[in-house]
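Reader: I have some questions about the labels used for a protein model. Could you go through them with me?

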Amino acid sequence: MPVFNVDGYHFSWTKDRFWRKTRSKNSKFHCRGVDANRNWKVKWCEEGASSHPCDETYCGPYPESEPEVKAVANFLRKQRKRVKAYISIHAYAQMLLYPYSYKYATIPNFDCVESAAHNAVLALYSAYGVRYRYGPASTTLYVSSGSSMDWAYKNGIPYAFAFELRDTGYFGFLLPETLINPTCTETTRAVKTISTSLLKKCS
């Protein structure tokens, strides 16, 4: 899926370059939108998410309140037996993350997932020498609840990852156009490596 948050993405082109939430309305506040990666039904609106509609990490009025989240969740529920891996792509931090986000704990299939992540960041580095950190999201980045990655994992998709793409803060969300294609190239190498690793070792 090229763009998950279609309305928010369009708004970022026309009104607010740094917009990150959805564009849903709130009946009590003038603030609009929900953080779509805090709106999934997995430890919803706990640590790392906000219950205030004006905050950037607003979790929404209830889990799957956003049509974007609801649509993807329903699709994944129907295709659960066929989907072996789920990869969510974000910016920025140069990290490859895997569950859990919402707690400090080791996933049951840690060895296989950790190996796939290790090989993926090596493949990514081989393109342009860009270094990525990898590990559980809670310890590598921060604790957050209601993420799509955790939801996918908890709902039977055994291999769930989240990329935080370039860079580490110098450009931040305003990555220069000249760096977009290289970022895509190196990330594609990493994704292919994840697929290969899982097919070979974790089937």
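Reader: How many of the 203 residues of the protein count as buried, in percent?

Author: The model is a predicted one. In it, 46% of the 203 residues count as buried.

Reader: Why is the pair of arginine 38 and aspartate 35 called a salt bridge?

Author: The closest N and O atoms of arginine 38 and aspartate 35 are 3.5 Å apart. The cut-off is 4 Å between a side-chain nitrogen of Lys or Arg and a carboxyl oxygen of Asp or Glu, so the pair qualifies. Side chains of opposite charge can pair when their charged atoms come close. Arg20 joins Asp35 and Arg38 in a network of salt bridges.

Reader: How do you know whether arginine 38 is buried or exposed?

Author: Arginine 38 has a relative accessible area of 5%. Buried means under 20%, so a residue with that value is buried. Aspartate 35, at 3%, is buried as well.

Reader: What makes glutamate 64 and lysine 70 a salt bridge, and why do they get separate labels for accessibility?

Author: Their side chains meet at 3.2 Å, N to O, which is within the 4 Å limit. Glutamate 64 has 7% relative accessibility and is therefore buried. Lysine 70 has 38%. That value lies between 20% and 50%, so the label is partly exposed.

Reader: How many salt bridges does the rule give?

Author: The count is five. One of the pairs is arginine 166 with glutamate 186, with the closest N and O atoms 2.7 Å apart. This pair links distant parts of the chain: arginine 166 is in the loop between β4 and α6, and glutamate 186 is in helix α6, 20 residues apart. Both arginine 166 and glutamate 186 are buried.

Reader: Why is tryptophan 13 called exposed?

Author: Tryptophan 13, in helix α1, has a relative accessible area of 66%. Exposed means over 50%, so the label applies. Trp13 also forms a nonpolar patch on the surface with Val3, Val6 and Tyr9, with about 440 Å² of accessible area together.

Reader: What is the secondary structure of the protein, and why is the protein called as compact as a globular protein of its length?

Author: There are six helices and four strands, in the order α-α-β-β-α-β-α-α-β-α along the sequence. The radius of gyration is 17 Å, and the globule rule gives 17 Å for 203 residues, so the protein is as compact as a globular protein of that length. The C-alpha trace spans about 50 × 40 × 30 Å along its principal axes.

Note on methods. Residues numbered from 1 in each chain as written. Predicted model: local features only at pLDDT ≥ 70, side-chain atom pairs only at ≥ 80, totals over all residues. Heavy atoms only, no water. Buried < 20%, exposed > 50% of the residue type's maximum accessible area, 1.4 Å probe, protein only. Helix = DSSP H or I, 4+ residues; strand = E, 2+ residues; numbered from the N terminus. Patch = residues over 30% accessible without salt bridge, like charges linked within 9 Å, V, L, I, M, F, W, Y side chains within 5 Å. Areas by Shrake-Rupley, 256 points an atom, 1.4 Å probe, with all protein chains shown as cover. Rg over C-alpha atoms; globule rule 2.2 N^0.38 Å.
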